[in-house]
Amino acid sequence: MHKVVVPKYSGAHRFACLALYRALLRQCRPSNADTPWLSETKPLIRQNFRKYKKLQSPSQSANALKAGYEALDLLSSSRTNQQDAHRITTLIAQARSQKDKYAAMQRKIRPVAPPAKPLTPKKARKEKSIRFQEETSQRHPNATSILDRPRPVGDKKRHVPVLVNARGLPFLRYKKPQPRNVSSVIRKKLGRRWNWIERRDRLKIELLFAKDEEEWDRITQTKEPSTWSEHPANAIADVNARIGRFDMHSKELADNMWKIVLAEKALAEEEAIQKQPKQ
């Protein structure tokens with residue numbers, strides 16, 4: 001049975017096409033002659049090679065190669081033959097005209113873009129949340145300490161904050177959604193505390209190995225300038241001190257924030273009584 005050879009999978013065919021492509025591009029190099037059309041010929045060659053590179057029919061591939069070799073002969077003779085040069089400029093003008101006609105036709109048949117659909121309430125809330133997170137990613141340069149409260153609100157209604165416990169770390173929530181910079185600070189502090197806990201767990205394992213080494217020294221009656229468990233024990237004590245200071249600071253911060261909540265609540269009740277109409 002006759003074997004069908006796909007041209008693009010044939011090494012000889014690929015070599016011939018690439019050789020023809022390189023030869024055509026070499027003919028498009030600028031020369032001393034008056035050939036301004038050379039700058040427009042190279043893009044046409046590249047465009048046509050990209051257009052026909054996926055041909056699978058042997059007859060179509062042969063016709064394309066024949067046209068390529070004719071173009072190569074035409075480019076070679078155009079430097080000395082004015083008639084061939086005029087033929088090339090005519091072909092370029094025809095190609096440009098066809099391209100403009102095709103673009104105009106596509107603009108006519110191109111469907112008009114439908115009007116944008118209004119956002120659903122869910123998508124509107126989502127986009128609003130995304131914009132808020134982007135706007136609050138950095139701390140405001142004029143922001144003051146959270147402990148510098150309560151503040152005067154003027155004619156506005158005072159909102160009493162809520163004391164929130166985020167895995168042992170307190171913070172005041174005045175409104176939702178939560179600013180992005182507040183969330184990043186909470187994650188950073190809790191991550192630092194968790195790193196201390198993991199370090200302490202690793203040191204406890206090292207302390208067990210150190211005690212085994214001390215037991216071996218006792219059996220072999222080996223004397224060391226310091227005990228094996230001294231340094232892990234000191235490191236554990238240091239980590240515990242850091243965690244203790246962190247927790248103590250969180251407790252003091254929670255007490256101060258709770259005082260702010262009570263003060264804000266008292267002021268809110270007082271201002272509500274003052275704004276009531278007099279009878």
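These legends go with a few close-ups of a predicted model. Local features need pLDDT of at least 70 and side-chain atom pairs count only at pLDDT 80 or more, while totals for chains, interfaces and linings use all residues. Residues are numbered from 1 along each chain as its sequence is written, and side-chain values use heavy atoms, leaving out hydrogens and water.

**View A. The largest nonpolar core has 14 residues.** A core here is a set of buried Ala, Val, Leu, Ile, Met, Phe, Trp, Tyr and Cys residues joined through side-chain atoms within 4.5 Å. Leu169, Phe171, Ile186, Trp196, Val239 and Ile243 touch the most other members. Strand 1 (162–166), strand 2 (169–173), helix 6 (180–220) and helix 7 (230–275) each supply at least two residues; helix 6 gives the most, with six. Helices (H or I, at least four residues) and strands (E, at least two) are DSSP runs, numbered from the N terminus.

**View B. Glu264 pairs up with Arg158 in a salt bridge (2.9 Å, N to O).** That term takes a side-chain nitrogen of Lys or Arg within 4 Å of a carboxyl oxygen of Asp or Glu. Glu264 sits in helix 7 and Arg158 in the loop between helix 5 (121–135) and strand 1, so the pair ties together parts 106 residues apart in sequence. Glu264 is buried at 2% relative accessible area, and Arg158 is buried at 9%. Buried means under 20%, exposed over 50%, partly exposed in between (1.4 Å probe, protein chains only).

**View C. Arg193 and Asp247 form a salt bridge too (2.9 Å, N to O).** Arg193 belongs to helix 6 and Asp247 to helix 7, so this one ties together parts 54 residues apart in sequence. Arg193 is partly exposed at 22%, as is Asp247 at 32%.
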